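Subject: Structure handover

Hello,

Here is the structure I promised you. Please open it first, then read my notes beside it.

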Amino acid sequence: MDEICLRDGEDSDWRESARWLKFEEDVEDGGERWSKPYVATLSLHSLFELRSCIINSTVLLDMRANTIEEIADMVLDHQELYSPLGDELRKKVRETLLKQHHHQNHKKLANRLPIVRSIADMGRRTSELHLDKNGQMSSSQSHLAGPEGKMDGTRENSSVDFSKIDLHFMKKIPAGAEACNVLVGELEFLNKPVVAFVRLSPAVLLNGLAEVPITTRFLFILLGPLGRGLQYHEIGRSIATLMTDEVFHDVAYKAKDRNDLIAGIDEFLDQVTVLPPGEWDPSIRIEPPKNVPSQEKRKKSNILPNGMVEGDEEEELGGHGGPELQRTGRWFGGLFLDIKRKAPSYLSDYTDAFSLQCVASFLFLYCACMSPVITFGGLLGEATEGRISAIESLFGASLTGIAYSLFAGQPLTILGSTGPVLVFEKILFKFCKEYGLSYLSLRTCIGLWTAFLCILLVATDASSLVCYITRFTEEAFASLICIIFIYEALEKLFHLGEHFPFNKNNNLDKLSMYSCSCVEPSDPTNGTLKFWENNNITASEIYWEALEVKACIEKQGEFVGSACGPHGPYVPDVLFWCVLLFFSTVFMSAFLKEFKFSNYFPTKVRAIISDFAVFFTILTMVLVDYALGIPSPKLKVPSVFKPTRDDRGWFINPLGPNPWWTAVITLFPALLCTILIFMDQQITAVIINRKEHKLKKGCGYHLDLFMVGLMLGVCSLMGLPWFVAATVLSISHVNSLKLESECSAPGEQPKFLGIREQRFTGLMIFTLMGCSVFMTSVLKFIPMPVLYGVFLYMGASSLRGIQFFDRLRLFGMPAKHQPDFIYLRHVPLRKVHLFTIIQLSCLVLLWVIKTSKAAIVFPMMVLALVFIRKLMDCIFTKRELSWLDDLMPESKKKKLEDTDEEEEEQSILAEDEGVVQVPLEGYKGIPVINITDEMSKGSFGNTWNANS
């Protein structure tokens with residue numbers, strides 16, 4: 001919006017005073033900078049005045065003009081038809097309209113150092129070559145995206161000086177947007193207002209009129225007598241704010257005459273909220289909201305004329321029972337449909353990965369996946385006496401992950417090891433040892449049966465049963481896995497205290513006598529004597545005092561001295577440094593991840609810092625740890641690619657030395673394994689494929705299970721661990737690939753667009769994991785407490801968005817402090833608490849089973865959650881369950897509720913008043929009750945009558 005104040009004998013130009021991209025920004029009083037974006041607050045009176053202006057003024061729609069001179073002539077010619085100005089006044093008004101426009105950024109650019117201006121001048125010619133491309137970027141006055149999204153405006157008169165353009169501001173403007181220029185001012189020589197609303201067709205680039213080189217579609221001109229500058233300013237703000245309103249914006253583009261514009265203003269007036277003057281301060285600038293409510297309900301209303309505004313977007317209801325989960329009635333029918341669904345987007349799964357965000361994602365997930373895979377392999381090695389250990393775990397994870405990333409239906413899922421599988425392996429090994437059976441061969445038979453049963457489930461479209469997994473089951477399972485991640489991270493940190501003990505009762509005055517030495521045991525136990533005998537150790541021949549800690553422990557010596565603990569010497573600094581690394585990793589990761597919402601640095605820099613948050617944190621902690629040199633425990637990766645034991649190879653005979661009947665009876669344990677694989681895989685898939693993630697390429701439950709089953713068989717034959725979808729890692733993967741709108745108006749929060757769906761990140765994670773054997777020289781510097789901190793961060797961040805934890809917090813909140821959750825509007829609080837208590841009881845039961853010796857039946861208990869949920873139909877009504885246990889995102893529910901309430905209000909009004917909302921086809925002439933005449937008596941509105 002540009003303003004002018006012209007007095008006789010004075011020369012003045014147009015000065016930019018405000019702009020709207022989404023929210024209002026004003027030139028501050030000093031004129032040095034733009035204000036922070038804020039929600040425009042308008043006086044009701046100025047809206048009525050604007051309505052009066054549109055009723056009584058010049059309205060020119062779809063006019064052809066290439067220059068501001070032509071537009072000025074058209075407006076003044078039309079003025080002559082009903083309110084002549086006279087030749088002299090007409091000439092002065094025309095000269096005023098053609099005066100130069102000074103924009104706020106001109107002063108800012110002029111204040112730069114000469115070298116900066118020189119660089120801008122040097123780049124001007126290059127920039128002009130791209131004008132046609134960037135010319136479609138929008139307005140400095142009002143953000144208007146045309147319905148066609150194209151502009152055919154001529155640019156014959158466009159010689160753009162790019163040294164005077166705010167290129168940073170241009171980046172905020174979406175492609176295809178057009179300008180609405182608002183020109184208001186007071187002229188001393190006028191005795192009556194000159195008001196015009198102009199819509200150009202096509203839009204044209206009017207050089208110097210807007211702050212940035214974009215085409216102008218609309219102009220609003222208001223020039224009036226001296227003394228009412230503030231009033232003109234408020235009317236200008238009103239039309240500019242209206243043009244940024246979604247509904248009036250569409251009306252302005254499609255209006256056929258003046259009456260359509262009036263109807264649009266009336267609809268806007270119907271929606272405005274009035275704040276009492278004595279209860280708030282109008283000078284306060286309202287901060288833009290984090291989430292702007294959708295205007296779809298207004299667009300769907302038939303208030304607006306001629307069907308100009310149509311709401312054709314339909315809300316998707318229901319959970320996850322889409323076409324991909326319907327039974328086909330044919331063998332492998334679901335699998336073939338999954339392949340058919342995913343094939344067209346297969347190439348784009350790689351081309352869509354060209355982004356720094358993907359690099360950040362796979363670096364973060366690679367570090368996050370490495371430690372659990374190696375730890376799992378180490379635990380498995382202890383349980384199986386080295387038959388399957390860390391190297392097999394790394395190789396199996398890499399092989400399975402690469403195959404899954406290449407061919408699965410949902411490559412966003414990350415595969416990992418699970419606790420119940422480890423328990424099953426321990427039980428199986430113990431059984432084989434007791435009965436003299438070959439563990440690897442028996443395990444291979446079970447794995448092949450499990451693979452066969454998984455493929456059988458795929459053949460019969462058993463994945464369609466996933467539709468019975470509701471939010472109740474899904475959240476209980478996801479919460480459990482997240483809590484286990486957090487618990488295990490803290491547990492591993494505490495266990496470091498056993499390996500690095502510290503002296504809790506140290507006397508600082510005796511530090512000079514602080515020592516710990518190894519001596520021969522004064523009273524060796526029978527076990528120690530037997531150990532010495534078996535290893536040909538003669539205690540008297542050993543120089544015990546010269547032994548290092550490791551050698552003393554190996555030879556079962558004793559430690560004596562003030563610096564000795566019960567199990568060895570005290571270790572200074574290490575434990576506390578590990579705790580510091582652990583919590584620093586958690587807090588730094590969380591801080592950098594949220595950095596994109598801070599006020600520091602440009603948007604791109606903030607986005608890069610946020611995307612690489614975990615990687616930057618790990619890198620920082622590794623460098624600090626290396627610089628200090630404190631011997632914290634490090635990541636240990638196998639350095640040689642070969643089986644852990646020399647008596648096994650990379651292929652396992654399913655029978656081996658075992659009797660033939662073992663191949664048959666292994667079907668029964670395979671049934672249990674199949675349930676475990678199916679439940680783990682499909683619940684994680686349901687979480688990843690939630691509708692609120694806005695996935696566009698579809699899912700593939702059947703194809704996912706087929707790939708997991710196939711690779712399970714391959715891993716069994718090669719003697720490698722089994723891998724299935726890992727819930728927390730998959731959620732972290734999805735969260736790291738969230739897409740947000742890049743082109744957001746000042747003050748507007750970026751909109752969530754969906755997830756960057758591609759195969760590259762998963763492929764790189766598991767490829768790097770396979771190459772880790774050759775990267776031990778680098779990986780050996782990563783401290784384990786840093787990885788434990790990453791686990792805690794992933795577990796805690798994955799809890800976000802889980803409704804169960806929101807409901808848990810309600811127990812300690814008084815009703816007046818409770819958040820406005822949508823389900824609290826429709827379900828009694830006692831029923832909400834009852835639902836939460838049942839879900840919490842199930843979670844506790846799952847925790848007890850998973851951490852006990854009965855962990856083998858864990859998948860059966862997860863399956864039981866589906867039946868518990870079914871029994872809850874007897875306690876809760878369907879309406880209550882639809883709000884408490886529904887996969888529909890909160891925002892969609894609120895939209896639906898607001899739409900229903902709106903329809904209800906409209907029907908009540910229609911019944912009470914006997915009036916139906918008037919469509920525009922019957923909206924001829926000015927309404928009988930003219931609100932403007934009633935509200936603006938003695939004000940600007942009367943000027944029309946006084947001077948006509």
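Helices (H or I, at least four residues) and strands (E, at least two) are DSSP runs, numbered from the N terminus.

Two ground rules. This is a predicted model, so local features need pLDDT of at least 70 and side-chain atom pairs count only at pLDDT 80 or more, while totals for chains, interfaces and linings use all residues. Residues are numbered from 1 along each chain as its sequence is written, and side-chain values use heavy atoms, with hydrogens and water left out.

The whole chain

The protein chain has 39 helices and 18 strands. Of its 948 residues, 51% are buried. Buried means under 20% relative accessible area, exposed means over 50%, and partly exposed lies in between (1.4 Å probe, protein chains only). The accessible surface comes to about 45,000 Å². Carbon and sulfur atoms hold 59% of that surface. Areas come from the Shrake-Rupley method with a 1.4 Å probe; for residues, only the protein chains shown count as cover.

Now contacts. Contact means heavy atoms within 4.5 Å. Take the contacts between residues at least 6 apart in sequence: 81% of them join residues at least 24 apart.

Axes are lines fitted to C-alpha atoms, for helices over the stretch in contact, and angles run from 0 to 180 degrees between N-to-C directions. Angles under 35 degrees count as roughly parallel, over 145 as roughly antiparallel, 65 to 115 as roughly perpendicular, and the rest as oblique. A crossing is right-handed if the near helix is turned clockwise from the far one by less than a right angle, and left-handed if anticlockwise. For residue classes, Ala, Val, Leu, Ile, Met, Phe, Trp, Tyr, Cys and Pro count as nonpolar; Asp, Glu, Lys and Arg are charged; the others, Gly among them, are polar.

Start with α1 (residues 44-56) and α11 (residues 258-271). Their axes lie 9 Å apart, at an angle of about 170 degrees. So α1 is roughly antiparallel to α11. Residues in this contact include Leu47, Phe48 and Ile54 of α1, and Leu261, Ile265 and Phe268 of α11. The contact has eleven nonpolar, one polar and three charged residues.

Next come α16 (residues 390-407) and α27 (residues 701-718). They pack at about 150 degrees, with axes 10 Å apart. That makes α16 roughly antiparallel to α27. The crossing is right-handed. Among the residues that meet are Phe395, Leu399 and Tyr404 of α16, and Met707, Met711 and Cys715 of α27. The classes here are twelve nonpolar, two polar and one charged.

Cys842, Leu845, Leu846, Ile849 and Lys850 of α34 meet Phe858, Met861, Val862, Leu865 and Ile868 of α35. That gives nine nonpolar residues, no polar ones and one charged.

Find Ser732 in helix α28 (residues 727-735). Ser732 is buried, at 4% relative accessible area. Leaving out residues up to four places away in sequence, Ser732 touches Phe364, Leu365, Met794 and Ser798.

Gly795 sits in helix α31 (residues 784-798). Its relative accessible area is 0%, so Gly795 is buried. Beyond its neighbours within four places in sequence, Gly795 contacts Cys482, Phe485, Ile486 and Val728. Ala478 and Gly795 are 317 residues apart along the chain, yet their C-alpha atoms are separated by 9.9 Å.

Tyr439 belongs to helix α18 (residues 439-459). Tyr439 is buried, with 3% relative accessibility. Not counting residues up to four places away, its contacts include Thr384, Arg387, Glu425 and Phe429. The C-alpha atoms of Tyr439 and Gly656 are 9.9 Å apart, across 217 residues of chain.

Two backbone details

Most residues other than glycine have a negative phi, and most peptide bonds are trans. Compare two places here. The peptide bond from Ser201 to Pro202 is cis, with omega near 5 degrees. Asp62 is not a glycine, but has a positive phi of about 55 degrees. Asp62 is in strand β5 (residues 58-63). With a relative accessible area of 45%, Asp62 is partly exposed.

Best wishes
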